[in-house]
Amino acid sequence: DPAPHVPPPDSYSLRLVAPRRLYDAGSNMTGSPSLTPLVPTLVARANPYDLDRLGAVTGDQVRVRSARGTLTLAALADAGVPKGVVAVDFNVPDGPEAPGNAVATLVDSRQPVTDVRLESV
């Protein structure tokens, strides 16, 4: 089975990664009132270089837009995120009333990668 063709990102897009966190919106966490506060707030983590190019800083609202959907999140400058990448945690809700896995609104599972645009709000 040949490896899938992974297109290079264009000059405006960032590659989306959706890492897992120890504390997320899984049933073990959400079923326990004492553990629920450990679920982090969903943010868009990006390299400070990429946020600077956008004119954004930590705490600013940014729109993460893919071909499939859009999320509006607070930006978080994170030097641990490589340039050209935006990280949105897997299985973390976008607010208390939102579905648990908000990043799924951005991902097209039929594609090998998801490229997103990061925009100021």
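Me: Which residues touch the most other members of the largest nonpolar core?
Reply: This is a predicted model, and in it Val86 and Leu118 touch the most other members of that core, which has 22 residues.

Me: Which elements give two or more residues to this core?
Reply: Those are strands E1 (14-17), E2 (43-46), E3 (61-65), E4 (70-77) and E6 (115-120). The largest share comes from E4, with 3 residues.

Me: Back to Leu118. What does it touch, leaving out residues up to four places away in sequence?
Reply: Leu118 touches Leu14, Ala46, Leu51, Leu54, Val62, Arg63, Val64 and Val86.

Me: OK, new topic. How many aromatic pairs does a search of the whole structure find?
Reply: The search comes back with 0 aromatic pairs.

Me: And what sits over the ring of Tyr49?
Reply: The charged end of Lys83 does, 4.5 Å from the centre of the Tyr49 ring.

Me: Switching to salt bridges, how many does the structure hold?
Reply: There are 8 salt bridges in the structure. One of them joins Arg21 and Asp89, with the closest N and O atoms 3.1 Å apart.

Me: Where in the chain are Arg21 and Asp89?
Reply: Arg21 is in the loop between E1 and helix H1 (27-30), while Asp89 is in the loop between E5 and E6. The two are 68 residues apart, so this pair links distant parts of the chain.

Me: Is each of them buried or exposed?
Reply: Asp89 counts as buried because its relative accessibility is 4%, under the 20% cut-off. Arg21 counts as partly exposed, at 36%.

Me: What about Arg45, which side chain does it meet in a salt bridge?
Reply: Arg45 meets Asp78, at 3.0 Å from N to O. Arg45 lies in strand E2 and Asp78 in the loop between E4 and E5, so the pair ties together parts that are 33 residues apart in sequence. Arg45 counts as buried, at 12% relative accessibility.

Me: Which residues are linked in a network of salt bridges?
Reply: Arg21, Arg45, Asp78 and Asp89 are.

Me: One more spot: where is Thr114, and what is it in contact with?
Reply: Thr114 is in the loop between strand E5 (85-87) and E6. Leaving aside neighbours within four places in sequence, Thr114 is in contact with Leu14, Arg15, Leu16, Ser66, Leu106, Val107 and Asp108.

Me: Why does Thr114 count as buried?
Reply: Because its relative accessibility is 11%, and buried means under 20%.

Me: Asp108 was in that list. Which residue does Asp108 form a salt bridge with?
Reply: With Arg110, the closest N and O atoms being 3.0 Å apart. Arg110 is exposed, with a relative accessible area of 69%.

Key: Residues numbered from 1 in each chain as written. Predicted model: local features only at pLDDT ≥ 70, side-chain atom pairs only at ≥ 80, totals over all residues. Heavy atoms only, no water. Core = buried A, V, L, I, M, F, W, Y, C linked by side-chain atoms within 4.5 Å. Buried < 20%, exposed > 50% of the residue type's maximum accessible area, 1.4 Å probe, protein only. Helix = DSSP H or I, 4+ residues; strand = E, 2+ residues; numbered from the N terminus. Contact = heavy atoms within 4.5 Å. Phe/Tyr/Trp six-rings, centres within 6.5 Å; stacked < 30°, edge-to-face > 60°. Lys NZ or Arg CZ within 6 Å of the ring centre and 35° of its normal. Salt bridge = Lys/Arg side-chain N within 4 Å of Asp/Glu carboxyl O.
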